[in-house]
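Here is a short briefing on one protein chain. It starts from a single residue, then moves to a second one and to the whole chain.

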Amino acid sequence: MKGGGVEVGVAAKDSTQRNGVNRGVSILDFILRLLGFIATLGSAIAMATTNESLPFFTRFIRFRAEYDDLPTFTFFVIANAIVSGYLILSLPFSIIHIVRSKAQKTRILLIFFDSAMLGLLTAGASAAAAIVYLAHKGNRKANWFAICQQFNSFCERISGSLIGSFIGVVLFILIILSSGVALSRR
């Protein structure tokens, strides 16, 4: 009889410890989602507000560079805006996971949508990275010239925006891994 009581006591302690770890993982998930929201929204805003004008011969004729001159940058802004919207909408589910650490179905649902958003964010950031590379280095074989010597401020802002987006990609990877850990500890 005593041996059975010890086993029940050990199982209860293990369950309490497991709930504590899951709660910690859920708090980490919430913080990562907030940081991801800030990174992707900041990246979208930085890219969407990027423009620069340079005079050409006279002050009346100007060259202008804007983000929406290139469809890739437009896709980048839209992808980051969608992902930041998703992240802010997923915060209530993250709060539910903090309160109820045994919630399993919503974690599986979030992993599914997190993976889709990771794909969208990676596609937008990667496509924009290719254009930013061409803006900095150019391509002599294709006869594309580097524009960053002339449009320095424009290039600095689009490069900074890319950094924010790739930080969002890393945060999404960590979010998916932490959700997987929480599910495996169930």
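Leaving aside its neighbours within four places in sequence, which residues is Ser94 in contact with? The model is predicted. In it, Ser94 is in contact with Ser26, Asp29, Phe30 and Arg33.

**Ser94**
- Ser94 sits in helix α2, which covers residues 71-99.
- Ser94 counts as buried because its relative accessibility is 0%, and the cut-off for buried is under 20%.
- The side chain of Ser94 reaches the backbone nitrogen of Phe30 at 3.3 Å.
- Phe30 is also on the contact list of Ser94.

**Thr106**
- Thr106 belongs to helix α3, residues 105-137.
- Thr106 counts as partly exposed because its relative accessibility is 22%.
- With His97, the link is a side-chain to side-chain polar contact at 2.5 Å.

**Ser94 and Thr106 together**
- Ser94 and Thr106 are 12 residues apart along the chain.
- Their C-alpha atoms are separated by 9.1 Å.

**Whole chain**
- The protein chain has four helices and two strands.
- Along the sequence, the pattern reads α-β-β-α-α-α.
- Of the 186 residues in the protein chain, 35% are buried.
- Take the contacts between residues at least 6 apart in sequence: 76% of them join residues at least 24 apart.
- The protein chain exposes about 10,900 Å², and carbon and sulfur atoms supply 69% of that area.

Definitions and conventions:
Residues are numbered from 1 along each chain as its sequence is written. This is a predicted model: local features need pLDDT of at least 70, side-chain atom pairs count only at pLDDT 80 or more; totals for chains, interfaces and linings use all residues. Side-chain values use heavy atoms; hydrogens and water are left out. Buried means under 20% relative accessible area, exposed over 50%, partly exposed in between (1.4 Å probe, protein chains only). A polar contact is a pair of N or O atoms within 3.5 Å; within protein, one must be able to donate a hydrogen and the other to accept it, and residues adjacent in sequence count only if both atoms are side-chain atoms. Contact means heavy atoms within 4.5 Å. Accessible areas come from the Shrake-Rupley method with a 1.4 Å probe; for residues, only the protein chains shown count as cover.
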